[in-house]
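Please open the structure in your viewer and keep the selection panel at hand. The tour moves from the whole chain to individual elements.

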Amino acid sequence: MTTLAKENKALLRRLIDDAFNNRELSILPDVLHPDFVNHQEVFPLEAKRGPAVFEELYSKFFEAFPDIRANYHNIIAEGDLVMARDTISGTNEGALPIGAPATGKRVKFQVFHLYRVQDGKLIERWGLTDDMAMLKQLGLLEV
């Protein structure tokens with residue numbers, strides 16, 4: 001494995017472990033480029049660029065799911081790209097940003113996300129979240 005691949009994996013682990021799982025949002029400027037763009041909007045966000053995008057997104061998740069946690073299964077890096085497959089789990093104890101009240105139900109769903117790294121920071125993200133699984137587990141979607 002190249003040094004660049006190791007560095008990019010460590011960068012993504014820091015985002016997942018420190019910023020998301022440990023709620024250390026103050027590190028976001030250290031791992032996200034000032035021009036960061038998230039190409040997948042999970043909840044409607046006011047922030048569109050920079051570390052504020054994830055500060056807002058993560059804060060919304062923490063309000064809706066106070067015990068939310070990401071467990072990554074795979075982190076793969078090549079060139080300026082790094083990706084992870086996560087299982088997100090948590091209990092819905094707060095209102096969802098889509099206008100639904102708290103359900104008290106526990107959810108567990110998959111997320112795949114691919115990041116591009118520039119200047120030692122994450123600058124772009126493309127993601128796929130199993131929103132249907134989450135909504136079904138919350139009782140907000142019947143299939």
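Helices (H or I, at least four residues) and strands (E, at least two) are DSSP runs, numbered from the N terminus. This is a predicted model, in which local features need pLDDT of at least 70 and side-chain atom pairs count only at pLDDT 80 or more, whereas totals for chains, interfaces and linings use all residues. Residues are numbered from 1 along each chain as its sequence is written, and side-chain values use heavy atoms, with hydrogens and water left out.

**The whole chain**

Four helices and five strands are present, and their order along the sequence is α-α-β-α-β-β-β-β-α. The radius of gyration, taken over C-alpha atoms, is 15 Å, close to the 15 Å that the globule rule (2.2 Å times the number of residues to the power 0.38) gives for 143 residues, so the chain is as compact as a globular protein of that length. Along the principal axes, the C-alpha atoms fill a box of roughly 45 × 30 × 25 Å.

Next, colour by accessibility. Of the 143 residues, 45% are buried, where buried means under 20% relative accessible area, exposed over 50%, and partly exposed in between (1.4 Å probe, protein chains only). The accessible surface comes to about 7,400 Å², with 52% of it belonging to carbon and sulfur atoms; such areas come from the Shrake-Rupley method with a 1.4 Å probe, and for residues only the protein chains shown count as cover.

**The sheet**

Select the five strands. They form an open sheet in the order S1-S5-S4-S3-S2, with mixed pairing; two strands pair if DSSP finds at least two bridges between them. Strands S1 (32-38) and S2 (69-78) stand at the edges with a single partner strand each, so one side of each lacks a neighbour in the sheet. From one strand to the next, the twist averages 20°; axes are lines fitted to C-alpha atoms, for helices over the stretch in contact, and angles run from 0 to 180 degrees between N-to-C directions.

S2 and S3 are antiparallel partners over nine bridges, and Glu78 stands opposite Leu81 in S3. Two residues separate these strands in a hairpin, and Gly79 in the turn has a positive phi of about 60°.

Move to S4 (residues 106-118) and S5 (residues 121-129), which pair in the antiparallel sense over eight bridges. Here His113 has Gly127 in S5 as its bridge partner.

**The helices on the sheet**

Contact means heavy atoms within 4.5 Å. Which residues of H3 are buried? They are Val53, Phe54, Leu57, Tyr58, Phe61, Phe62 and Ala64. Their cover includes H1, helix H2 (28-31), S1, S3, S4 and S5.

Finish at Met1, in the segment before H1. Is Met1 buried or exposed? Met1 is exposed, with a relative accessible area of 65%. Apart from its neighbours within four places in sequence, Met1 is in contact with Lys6 and Lys9. A distance label from Met1 to Lys48 will read 34 Å, C-alpha to C-alpha, for residues 47 apart in sequence.
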